[in-house]
Amino acid sequence: MTTVLHISDLHFGRPAVTERLESLKMFVGEIRPDVVAVSGDLTQRCTNAEFARARVYLDEIKTISPCIVVPGNHDIRWLGAVARNLDFAGLLRRKAHDFKYSRYTRHISDDLTPSLEVPGAVIAGLNTAHGITRGSLTTRLKDLGVIGHVRRRDIERVKEAFSNAAPDAARIVMIHHNPVRGASSGRHGLANTGKALRAFSSLGAELVLCGHDHQEAVHSVEERAPGLVVSTAGTISNRLRDGRASSFNLVDVDEHNLRITTHVWRDPDGFFPAAERSFRRKVATEA
Ligand SMILES: [Fe+2]
Ligand SMILES: [Fe+2]
């Protein structure tokens, strides 16, 4: 069995809560997951100080388990996103791009689409946080700068990561923005949801890990992408939606099944299992 601890939206800065972060770290120490997957929004205001705290925390987690991280919309610098859009001649394009992700790359990683294989699973991380760019524009003004999109060239990276992985490894994609509408927010995180999910499914993905909505959820999106399950992790921080508790999702994958257990924070004791869903794996069904 392979265990993936899926956490999201830590929001180092004012929303971060030390007791919850410490409790989460202790949980990692207790269960020693095969991998810790962090689906973005490490910071609140993308400052160097917030990133430095996130770095220290991730380094502590990494002493226990391997870790894979993608950026969220809070982890990029807005000015870079705007400059890139205004630069019609393309002269500043590279510089603006570098500026946009400069704090993330300085403190966390210069790989915005990392992948990681552990026995039993491969996770292909994909950057969906591009700021205010053409691909992220929708007809809703309040989506501006908040919503993300999946770029075609990044889907190629997923394809590459999957084709290099062991045949029996569960294929997992990790993005920041939620592709399934949030129950409270009523919002899709992605501008090109259908296209992205179909692409992931056609590449053999069985599971998508995401965050951004700050409300935990587990979905099967059978009608749009056969066999695909979506794990939306809630936030560890206090940026909570509708008075919900902080949470994370624990994913167990074995030969036949994929089980996701949502753990929620109970003041002042720690995180406890609250809900569990199991799915027959795509490969098991096809066999
Ligand atoms: Fe967030
Ligand atoms: Fe976000």
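1. **The bridging aspartate.** In this predicted model, Asp41 bridges the iron ion (ligand 2) and the iron ion (ligand 1). The two ions lie 3.5 Å apart.

2. **The iron ion (ligand 1).** Which residues coordinate this ion? They are Asp9 (OD), His11 (NE2), Asp41 (OD) and His214 (NE2), at 2.0 to 2.2 Å. The angles that the four donor atoms subtend run from 86 to 172°, which makes the arrangement irregular. If you want to find these residues along the chain, their spacing is D-x1-H-x29-D-x172-H. His11 sits in the loop between strand E1 (2-7) and H1, while His214 sits in the loop between E7 and E8, so this pair ties together parts that are 203 residues apart in sequence.

3. **The iron ion (ligand 2).** Here the protein donors are Asp41 (OD), Asn73 (OD1), His176 (NE2) and His212 (ND1), lying 2.1 to 2.3 Å from the ion. This site is irregular too, with angles of 88 to 159° among its four donor atoms. In sequence, the donor residues follow the spacing D-x31-N-x102-H-x35-H. His176 belongs to the loop between strand E6 (170-174) and helix H7 (193-202), and His212 to the loop between strand E7 (207-210) and strand E8 (217-220), so the two histidines tie together parts that are 36 residues apart in sequence.

4. **Backbone at Asp9.** Phi of Asp9 is near 50°, a positive value in a residue other than glycine. Asp9 is placed in the loop between E1 and H1.

5. **A cis proline.** The bond that is cis runs from Asp267 to Pro268, and its omega is near -10°.

6. **Helices H1 and H2.** Helix H1 (residues 18-31) packs with helix H2 (residues 48-62) at an angle of about 20°, and their axes are 10 Å apart. Because angles under 35 degrees count as roughly parallel, H1 is roughly parallel to H2. The crossing of H1 past H2 is right-handed. On the H1 side the contact is made by Leu21, Leu24, Lys25 and Val28, and on the H2 side by Tyr57, Glu60 and Ile61. By type, the contact residues comprise five nonpolar, no polar and two charged.

Methods:
Residues are numbered from 1 along each chain as its sequence is written. Chains are lettered from A and ligands numbered from 1 in the order in which they are written. This is a predicted model: local features need pLDDT of at least 70, side-chain atom pairs count only at pLDDT 80 or more; totals for chains, interfaces and linings use all residues. Side-chain values use heavy atoms; hydrogens and water are left out. Axes are lines fitted to C-alpha atoms, for helices over the stretch in contact, and angles run from 0 to 180 degrees between N-to-C directions. Helices (H or I, at least four residues) and strands (E, at least two) are DSSP runs, numbered from the N terminus. Angles under 35 degrees count as roughly parallel, over 145 as roughly antiparallel, 65 to 115 as roughly perpendicular and the rest as oblique. A crossing is left-handed if the near helix is turned anticlockwise from the far one by less than a right angle, and right-handed if clockwise. Contact means heavy atoms within 4.5 Å. Ala, Val, Leu, Ile, Met, Phe, Trp, Tyr, Cys and Pro count as nonpolar, Asp, Glu, Lys and Arg as charged, and the others, Gly among them, as polar. Donors are N, O and S atoms within 2.8 Å of the metal (3.2 Å for Na, K and Ca); water is not among the atoms, so sites may look incomplete. Four donors count as tetrahedral if all angles lie between 85 and 135 degrees; four count as square planar and six as octahedral if opposite donors are over 155 degrees apart and all others between 65 and 115; anything else is irregular.
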